[in-house]
Amino acid sequence: MNIKLIGGAASASSPSGDGRLLGELAIVGVGLLIVYVPTFIDVARTFWAHERGTSGPIIIAAVLWMLWQARDHLRTVAHSSDVYGGCALLAAGLTLFSIGRSQQFYQIEVGSLIPTLAGIVLMWFGRDGLKVLWFPILFLLLAIPLPGSLLDSILLPLKEAVSSSVATSMQALGFPVARSGVVLTIGQYQLLIADACSGLNSMMALTGVGLFYVYVAKRANVYHNMILLVSEIPIAFLVNVFRVVVLLLGTYWFGEDVGAVLHGVMQYVQMALTFACFFLLDWILGRVFRAGARARSPSLGNVRRG
Amino acid sequence: MIKAAAVFLALACASAAASLLMPKDHTSDIAGRTVSELVPSVIGDWHLVPSTMMSVDVSVKRDADDQSSLLYDEVVSRTYRKESGETIMLSIAWGKVQRQEQKIHRPELCYQAQGFSVRSLGISRLDLGGEHEQMATRLVATAKGRFEPVSYWIRIGNLNAISAWHSRMYILREGLSGRLVDGILIRVSNASTSEVGLEGAFAVHEDFVRSLFASLGDADRARLFVPEGTER
């Protein structure tokens with residue numbers, strides 16, 4: 001990220017200017033809380049409480065953290081502002097909010113936070129401020145809950161894919177597994193792949209956290225970043241398949257009671273394992289690309305040729 | 001400080017505007033009557049009989065403790081039989097208020113959630129007699145040893161809710177005009193053991209639906225049906 005310092009602005013760095021800026025931002029912050037806290041309470045009740053889009057809180061925490069991290073950087077651009085542009089964006093955001101909130105159209109309601117925040121940033125910090133904060137503001141896109149109808153059309157094929165991967169891999173290992181749609185049968189036990197077993201939640205969580213990590217870690221190598229981002233969904237999928245296999249085997253060998261206990265435990269293990277795999281991949285890529293960079297440097301190049 | 005005060009005011013106004021825009025009129029209550037009162041027990045040649053077959057639940061249970069059946073204000077599940085022996089299952093789910101995330105579930109999902117695999121057969125025109133027609137979705141749900149042809153439609157307000165996107169936009173438009181609309185699912189199905197006679201099964205559904213339409217007055221027809229032409 002490039003820091004642009006435009007000279008000739010004394011007020012921003014003076015203590016009184018700082019105090020005034022903080023006061024203004026505090027007033028606006030309280031206003032934002034009044035408007036959007038009820039929104040997120042409703043979203044939590046409608047979506048998060050039903051295991052839908054549970055990565056939302058993580059996204060919001062990440063955005064708050066990034067905003068906090070940008071505070072020093074923002075101070076350097078506090079002199080510039082674009083009041084008209086900011087007003088326009090703010091008006092658009094708040095109109096969307098009123099429509100979304102009154103009609104319980106949560107996607108519009110939560111999405112309105114993006115133009116609203118961008119407008120406020122423009123009013124106080126200008127275009128330079130937006131350059132500093134574009135990522136955390138756009139990152140809020142991931143906090144928009146997926147509409148139920150879209151979710152349903154993703155979930156079913158996903159569950160089918162999970163069941164067929166589980167069935168195929170376990171049959172290859174010689175276990176007596178049969179599949180009918182999203183129902184798996186092993187020995188005398190039958191397991192229905194429910195929405196919670198689709199792995200969608202861990203996929204969304206890893207997508208958000210992975211993107212956030214790539215942004216924060218600022219790896220120099222573009223390929224490193226791209227491989228990380230592209231592998232998020234396969235990692236989450238494979239770890240989820242592994243989870244279902246463990247559940248099936250646990251039930252098959254030790255009975256239903258053990259299976260039920262495993263079911264509770266495995267959802268946490270799955271989340272942890274998903275992230276562990278992601279960071280392991282990051283570490284491996286780091287080593288590979290560092291080795292690659294060394295091999296390409298001229299002195300080593302000679303050695304290799306010699 | 002003026003800037004901050006102005007923004008604060010704008011935020012407060014947005015909150016107030018959202019409350020003002022909330023729709024309050026329930027336009028299409030079923031006029032104080034329940035759906036079960038509305039649907040007669042004798043429909044033309046069809047007679048209500050005690051259910052012999054467990055009909056597939058209209059709700060989509062995501063987990064064991066899911067409360068999604070609370071979405072509906074009334075659920076009617078009946079079996080009708082004709083003298084000649086044909087039997088159909090009629091399932092109706094009614095929700096007083098339809099909102100973006102609180103809509104009638106499509107039968108595709110209900111069947112899939114209960115372990116059926118669903119093959120969609122697209123949309124067909126049911127002849128209701130006279131000039132009237134009803135567009136309905138047909139599908140076949142299969143599970144171990146059970147084979148169930150289904151015809152259904154969903155009315156949301158005055159809309160035949162065929163596409164999820166249209167339903168969303170319709171609910172949004174009605175809501176912004178201050179109206180809350182209701183929604184109802186009419187599902188006709190029968191259970192058999194083989195795919196033989198699929199066309200016959202759908203013809204029987206159509207026959208039942210036509211009898212149902214004929215047995216109702218205009219007001220009740222509008223509560224259950226969305227005849228062609230009323231869809232915007």
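Analyst: What follows looks at one strand and then at one serine. The model is predicted, so local features need pLDDT of at least 70 and side-chain atom pairs count only at pLDDT 80 or more, while totals for chains, interfaces and linings use all residues. Residues are numbered from 1 along each chain as its sequence is written, chains are lettered from A and ligands numbered from 1 in the order in which they are written, and side-chain values use heavy atoms, without hydrogens and water.

User: How many residues of strand E11 of chain B are buried?

Analyst: In a regular strand the side chains alternate between the two faces of the sheet. Taking buried as under 20% relative accessible area (1.4 Å probe, protein chains only) and strands as DSSP runs of at least two residues, seven of the seven residues of E11(B), residues 183–189, are buried, so the strand is largely enclosed by the rest of the structure. Both faces are covered, with Gly183(B), Leu185(B), Arg187(B) and Ser189(B) on one side and Ile184(B), Ile186(B) and Val188(B) on the other.

User: Which strands are joined to E11(B) by bridges?

Analyst: Two strands pair if DSSP finds at least two bridges between them. Strand E5(B), residues 87–95, runs antiparallel to E11(B) and is joined to it by seven bridges, Trp94(B) being the partner of Ile184(B). Strand E8(B), residues 146–156, is likewise antiparallel to E11(B), with seven bridges, and there Val150(B) partners Ser189(B).

User: Is Ser202(A) buried or exposed?

Analyst: Ser202(A) is buried, with a relative accessible area of 4%.

Definitions and conventions: Buried < 20%, exposed > 50% of the residue type's maximum accessible area, 1.4 Å probe, protein only. Helix = DSSP H or I, 4+ residues; strand = E, 2+ residues; numbered from the N terminus.
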